[in-house]
Amino acid sequence: QAGSQSGIITDDLPKRNVGIMTSGGDAPGMNAAVRAVVRAAIFRGCKAFAIKEGYTGLVEGGEDYIKEMKWQDVRGLLSEGGTNIGTARCMEFKERWGRLLGCKHLIEAGIDALIVCGGDGSLTGADLFRAEWPSLIQELLETNQITQEQYDRHKHLYICGMVGSIDNDMATTDSTIGGYSSLERICKAIDYIDATASSHSRAFVVEVMGRHCGWLALMAGIATSADYIFIPEKPSSSKVWQDQMCNIVGQHRAKGKRKTIVIVAEGAITSDLQPISCKDVKDVLVNRLGLDTRITTLGHVQRGGTAVAFDRILATLQGVEAVKAVLELTPDTPSPLIAIDENKICRKPLVEAVEKTKNVAAAISERDFEKAMSLRDSEFKEHLANFMSMNSACHNEPTLPPEQRKRIAIINIGAPAGGMNSAVYAMATYCMSRGHTPYAIHNGFSGLSRHESVKSIDWIDIEGWNLIGGSEIGTNRFTPEETDVGMIANYFEKYQFDGLILVGGFEAFVSLEQLERARSMYPAFRIPMVLIPATISNNVPGTEYSLGADTCLNSLMDYCDVVKQSASATRGRAFIIEVQGGNSGYIATYAQLISGAQVSYVPEEGIQLDQLEMDIHSLKESFAVEKGMTKAGKLLLKSTNASKVLTPGVLADIINSESGGEFDTRTAIPGHVQQGGLPSPIDRTRADRFAIKAVQFIEENCDKMCGLRYSLEFPREDKTITRTAAVLGIKSSHLRFTSIRQLYDYETELNKRMPKKIFWSSTREIADQLVGRTKIVRA
Ligand code: ATP
């Protein structure tokens with residue numbers, strides 16, 4: 001493969017022969033993991049091996065099951081669902097004799113390090129295998145099944161786990177490979193059901209997977225604003241679940257809701273461990289509420305299809321990290337599990353993760369539900385609490401006493417982004433559950449100059465907003481200073497707002513700064529203000545994630561997959577795809593990572609002619625090597641602002657004239673398709689989490705402004721005060737609020753509309769490495 005060999009990393013890490021297997025239930029993204037492990041191993045000068053059919057491959061051994069993988073063998077894998085190297089549930093490996101065979105076959109193949117991608121069962125097996133390895137290899141030596149030389153070389157087995165499981169049930173990691181793909185399948189199905197439920201005013205009871213873990217049911221419940229969910233971790237007694245469900249569903253109907261969605265996890269139970277089936281739920285809805293009710297069991301649809309963008313990213317970055325981990329391991333270091341904390345790929349002890357996961361199931365079977373919940377990660381608990389408060393919005397007494405209830409304004413600024421509506425929906429319902437009055441400012445700041453642009457939000461008016469793209473309350477790009485700061489202050493005074501939540505991208509960021517600066521002059525702005533970042537460009541300082549970026553990446557990924565298929569069908573064709581993102585190369589870089597495009601040209605780097613020449617040379621070599629092969633289409637991504645001169649058309653002309661007639665190059669411009677249609681489940685559920693955190697921020701900071709509203713001496717520079725105007729974001733492994741003053745004054749390149757520090761530079765390197773692109777190193 002052109003470029004791949006020339007880019008081998010030369011560091012001090014040992015060169016080991018690395019095996020990768022997928023085991024347990026298949027999960028979308030496993031193929032991306034295999035591709036990443038194989039290519040990262042080759043890139044590091046190691047040999048890579050696929051062990052087919054999970055542990056069966058180890059037990060059976062031989063070339064049919066353990067095969068060396070070359071760079072080309074994993075071409076095109078990114079977009080394929082399931083696992084192409086096969087997976088299985090292998091009973092023999094649970095027996096010592098099976099593992100003894102596994103040990104022998106690994107040694108015969110010369111493998112020193114094993115990366116296992118699977119669920120907790122698979123990783124338990126992996127951990128046991130490593131623990132037993134010294135005794136297994138000793139026995140093989142003593143029974144003359146291996147030589148002394150083989151024994152000396154393979155004395156230690158290095159193991160690393162990656163979690164591939166749609167249930168997202170592994171402790172110590174926020175997400176498992178396949179979890180979000182499965183969630184996407186579920187939400188899509190419920191979105192479809194939603195339309196028919198509304199049309200006929202029906203109830204639907206939907207069963208989703210999750211025998212011991214309610215993550216899929218919970219997240220689907222949030223993403224589709226379901227009326228009720230049943231999950232194993234939070235059961236009610238067999239006497240009251242019917243009342244609890246009917247109370248909520250009945251209230252929703254009484255408020256005018258025409259449809260009812262109840263989501264039941266496969267493992268749903270009562271607190272005395274009696275299973276709750278969809279049929280039980282249906283019977284209650286029919287008999288007690290008289291609802292026309294249907295059951296939909298989603299079954300294996302939830303496992304199927306190609307991986308969503310998040311899972312491709314997760315699997316790829318974790319695969320690269322897993323290879324590094326097995327090369328860094330020493331005989332004394334414990335086996336790691338590659339995890340993710342918020343936005344950070346990290347290593348955790350494998351044994352601890354497996355033990356904690358098993359303890360959840362054990363706690364549930366012992367009816368210790370508090371313990372089960374305490375063993376789930378904090379994000380799970382937070383999501384559950386959020387779902388429950390939002391669901392109680394229209395029927396329970398608000399949780400705050402009247403004197404603590406506030407008037408909170410919500411505004412969308414800038415271009416629409418997936419998740420904006422979900423954020424407004426979540427903020428408003430959470431406000432209602434607390435007793436606050438949520439107000440929507442329609443059509444941005446300039447909308448204020450129009451009559452009746454401020455409206456308090458009613459529960460039934462926003463019903464269903466969670467699922468729709470665009471911005472239902474309107475949005476525009478004008479900042480306060482471009483509108484009229486005095487007029488805005490006047491309206492804020494008129495409505496007596498106690499807090500403001502802005503949702504948007506860089507314009508919203510600039511707007512927040514202007515309002516914070518205007519506090520000295522206008523008392524109306526002496527209220528807590530917080531920005532929820534929402535832009536497909538993901539260029540808001542203070543966060544590594546903005547609402548809409550995931551929806552955009554998924555739209556672009558689908559587009560790239562289709563274009564690539566077309567390019568592959570016509571042998572010898574490349575496509576240049578123009579990608580949005582303003583001055584930020586985030587979308588282009590991650591689109592390269594998840595589509596396997598040969599390059600991504602981004603504004604931060606521009607297009608240098610010597611690099612272009614090298615890329616064209618690599619492209620020619622690739623087409624020469626892959627001549628006649630299937631899946632040989634090539635993509636090149638170019639951010640619009642990477643170059644104004646080298647447009648996709650000009651680039652295509654240059655490449656065509658250099659191709660010597662060996663291949664041809666076309667252009668494809670997805671344009672606004674990139675904003676996406678329906679928001680992705682990640683954008684919906686993160687919008688919910690951000691929205692609730694934002695309302696809590698307003699609640700916590702109102703007191704700090706007390707007494708300052710009309711004081712002549714406003715201590716604007718006081719740190720306690722500046723922190724009351726902040727951006728909410730994900731930074732590495734934390735969710736944080738950062739003051740707008742800090743971000744605007746010290747962390748922003750204003751002329752470029754970008755944060756000074758780019759958090760995704762290392763991802764660019766990985767995206768290039770995995771397609772074998774050689775970059776010219778510049779001083
Ligand atoms: P899923 O989340 O899809 O259920 P899983 O990895 O938990 O995935 P399991 O069927 O539990 O799926 O395990 C997969 C395989 O891992 C088993 O078929 C077996 O080969 C191996 N395995 C599981 N538990 C053990 C164990 N205790 N000892 C040895 N091997 C095991």
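Modeller: Ala, Val, Leu, Ile, Met, Phe, Trp, Tyr, Cys and Pro count as nonpolar, Asp, Glu, Lys and Arg as charged, and the others, Gly among them, as polar. Keep in mind that this is a predicted model.

Biologist: Thanks! How many nonpolar, polar and charged residues does the shell around the ligand have?

Modeller: The shell has 10 polar residues, together with 4 nonpolar and 4 charged ones. In total, 18 residues surround the ligand, and the closest are Gly24, Gly25, Gly119, Gly121 and Gly125.

Biologist: Which helix gives the largest share of that shell?

Modeller: Helix H4, spanning residues 120-142, supplies 6 residues.

Biologist: Let's step back to the whole chain. How many helices and strands are in the protein?

Modeller: The protein has 25 helices and 24 strands. Its radius of gyration is 28 Å, close to the 28 Å that the globule rule gives for 779 residues, so the protein is as compact as a globular protein of that length. Along the principal axes, its C-alpha atoms fill a box of roughly 85 × 70 × 50 Å.

Biologist: And what percentage of the residues is buried?

Modeller: Buried residues make up 55% of the 779. Contacts tell us about the fold too: among those between residues at least 6 apart in sequence, 79% join residues at least 24 apart.

Biologist: Which residues touch the most other members of the largest nonpolar core?

Modeller: They are Val37, Ala220, Val264, Ala423, Met427 and Ala591, in a core of 244 residues. Helix H10 (residues 309-328) contributes the largest share of this core, 12 residues.

Biologist: Take Ala220 as an example. What does Ala220 touch?

Modeller: Leaving out residues up to four places away in sequence, Ala220 touches Leu183, Ile186, Cys187, Ile190, Val208, Ala226 and Ile263. Ala220 is one of the buried residues of helix H7.

Biologist: Is H7 mostly covered or mostly uncovered?

Modeller: H7 (residues 215-223) is mostly covered, with 9 of its 9 residues buried. The cover includes helix H6 (179-200), strand S6 (203-208) and helix H22 (681-705). After H7 comes Ser225, whose phi is positive, near 40°.

Biologist: One last stop: where does Gly447 lie?

Modeller: Gly447 sits in the loop between strand S13 (437-441) and strand S14 (454-456). A residue counts as buried if 20 or more other C-beta atoms lie within 10 Å of its own. Gly447 has 21 within 10 Å, so Gly447 is buried.

Biologist: What does Gly447 touch?

Modeller: Beyond residues up to four places away in sequence, Gly447 touches Ile441, His442, Ser453 and Gly474. Thr475 is 28 residues from Gly447 in sequence, and the two are 8.6 Å apart in space, C-alpha to C-alpha.

Conventions. Residues are numbered from 1 along each chain as its sequence is written. This is a predicted model: local features need pLDDT of at least 70, side-chain atom pairs count only at pLDDT 80 or more; totals for chains, interfaces and linings use all residues. A residue is near a molecule or strand if its C-beta atom, placed from the backbone, lies within 6 Å of it. Helices (H or I, at least four residues) and strands (E, at least two) are DSSP runs, numbered from the N terminus. A nonpolar core is a set of buried Ala, Val, Leu, Ile, Met, Phe, Trp, Tyr and Cys residues joined through C-beta atoms within 7 Å. A residue is buried if 20 or more other C-beta atoms lie within 10 Å of its own, exposed if 12 or fewer, and partly exposed in between; C-beta atoms are placed from the backbone. Two residues are in contact if their C-beta atoms, placed from the backbone, lie within 7 Å. The radius of gyration is taken over C-alpha atoms; the globule rule is 2.2 Å times the number of residues to the power 0.38.
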